[in-house]
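Subject: Structure handover

Hello,

Here is the structure I said I would pass on.

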Amino acid sequence: MSTHTEYDPDDNFARSFTADADIDEEAALEAVAWQLLLLINPGDEDAAMQQFQACRDSLDEGEDPVELIRDVIDWKSGFHVEDSDPAGLIEVLDELASRFNLRIEWGVEDPTDEDFLSDAEVPSLIGVAYDRLREHHYTLWTWETGHDTHAGFMTLQRDDEALRAVAGALGFHVRPGAG
């Protein structure tokens, strides 16, 4: 009995996609965007579908998926705040956490207190939120925006590996917490 000597079990699909393969890149991008939206809307396929419908046509037109998705999910299943806006960050993260019946304990009696906010820094607050959400098996993700802003979303902790793969395929350079 002869065996094929070129078989590599770690490379099962090496010849699946050749240079002349007919791959629909638009459909692949849509599929990955859909997977991301499902991950950041756990248990809420309706919200994911609304967000997907809002960005589908623009994805087909070649718009940047990171900025497009960021705009579609803002204050629904994601956030995008200025570096100088700790009050806005607290407000949006409290809103996102409430979707999962969670409350973030910010370490002060009143996180909207002006004295607290005058000393608060957005990256530190993201770290606090990350720690509090992990206690409930959620992960707060942020990504590089290239500006003086912070952006991100929440997922179930069990989806951490999937989120890294899907977000990376879309061009999101994600990290848990403030990184």
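How many helices and strands does the chain have? The chain has seven helices and four strands. Bear in mind throughout that this is a predicted model. In sequence order the elements run α-α-α-β-α-α-α-β-β-α-β. Of the 179 residues in the chain, 40% are buried. If you take contacts between residues at least 6 apart in sequence, 58% of them join residues at least 24 apart.

Helix packing

Two pairs of helices are worth looking at. Two packed helices are described by the angle between their axes and the distance between the axes.

Start with helix α2 (residues 45-60) and helix α3 (residues 65-73). Their axes come within 9 Å and cross at roughly 150 degrees. Angles over 145 degrees count as roughly antiparallel, so α2 is roughly antiparallel to α3. The crossing of α2 past α3 is right-handed. On the α2 side the contact is made by Gln51, Ala54, Cys55, Ser58 and Leu59, and on the α3 side by Pro65, Leu68, Val72 and Ile73. Seven of these contact residues are nonpolar, two are polar and none is charged.

Is α3 mostly covered or mostly open? Helix α3 is mostly covered, with seven of its nine residues buried. The buried residues in α3 are Pro65, Val66, Leu68, Ile69, Arg70, Val72 and Ile73.

The second pair is α4 (86-98) and helix α6 (residues 122-134). The axes of α4 and α6 are 10 Å apart, and the angle between the two helices is about 20 degrees. Angles under 35 degrees count as roughly parallel, which means that α4 and α6 are roughly parallel to each other. This crossing is right-handed. Pro86, Leu89, Ile90, Leu93 and Ala97 of α4 meet Val122, Leu125, Ile126, Ala129 and Leu133 of α6. The residues in this contact are 10 nonpolar, no polar and no charged.

Residues in loops

Most residues other than glycine have a negative phi, and most peptide bonds are trans. Two residues in this chain are worth checking on that point.

Tryptophan 75 is not a glycine, yet its phi is positive, at about 65 degrees. This residue follows α3 and sits in the loop between α3 and β1 (78-82). Tryptophan 75 has a relative accessible area of 37%, so it is partly exposed.

Asparagine 101 is not a glycine either, and has a positive phi of about 55 degrees. Where is asparagine 101 placed? Asparagine 101 lies in the loop between α4 and α5. Its relative accessibility is 75%, so asparagine 101 counts as exposed.

Glycine 107 is also found in the loop between α4 and α5 (114-119). Glycine 107 is exposed, because its relative accessible area is 64% and the cut-off for exposed is over 50%. Glycine 107 and leucine 125 are 18 residues apart in sequence, and their C-alpha atoms are 9.9 Å apart in space. Leucine 125 is one of the α6 residues that meet α4.

Two threonines

Threonine 145 is in the loop between β2 (138-143) and β3. Is threonine 145 buried or exposed? Buried means under 20% relative accessible area, so threonine 145, at 19%, is buried. The side chain of threonine 145 reaches the backbone nitrogen of histidine 147 at 3.2 Å. Setting aside neighbours within four places in sequence, threonine 145 is in contact with His80, His150 and Ala151.

Threonine 149 is in strand β3 (residues 149-156). Threonine 149 has a relative accessibility of 10%, so it counts as buried. Which side chain makes a polar contact with the side chain of threonine 149? The partner is the side chain of histidine 80, at 3.2 Å. Not counting residues up to four places away in sequence, threonine 149 touches His80, Val81, Glu82 and Asp83.

Regards

Conventions: Residues numbered from 1 in each chain as written. Predicted model: local features only at pLDDT ≥ 70, side-chain atom pairs only at ≥ 80, totals over all residues. Heavy atoms only, no water. Buried < 20%, exposed > 50% of the residue type's maximum accessible area, 1.4 Å probe, protein only. Polar contact = N/O pair within 3.5 Å; in protein donor to acceptor, adjacent residues only side chain to side chain. Contact = heavy atoms within 4.5 Å. Axes fitted to C-alpha atoms, helices over the stretch in contact; angles between N-to-C directions. Parallel < 35°, antiparallel > 145°, perpendicular 65-115°, else oblique. Left-handed = near helix turned anticlockwise from the far one by under 90°. Nonpolar A, V, L, I, M, F, W, Y, C, P; charged D, E, K, R; others polar.
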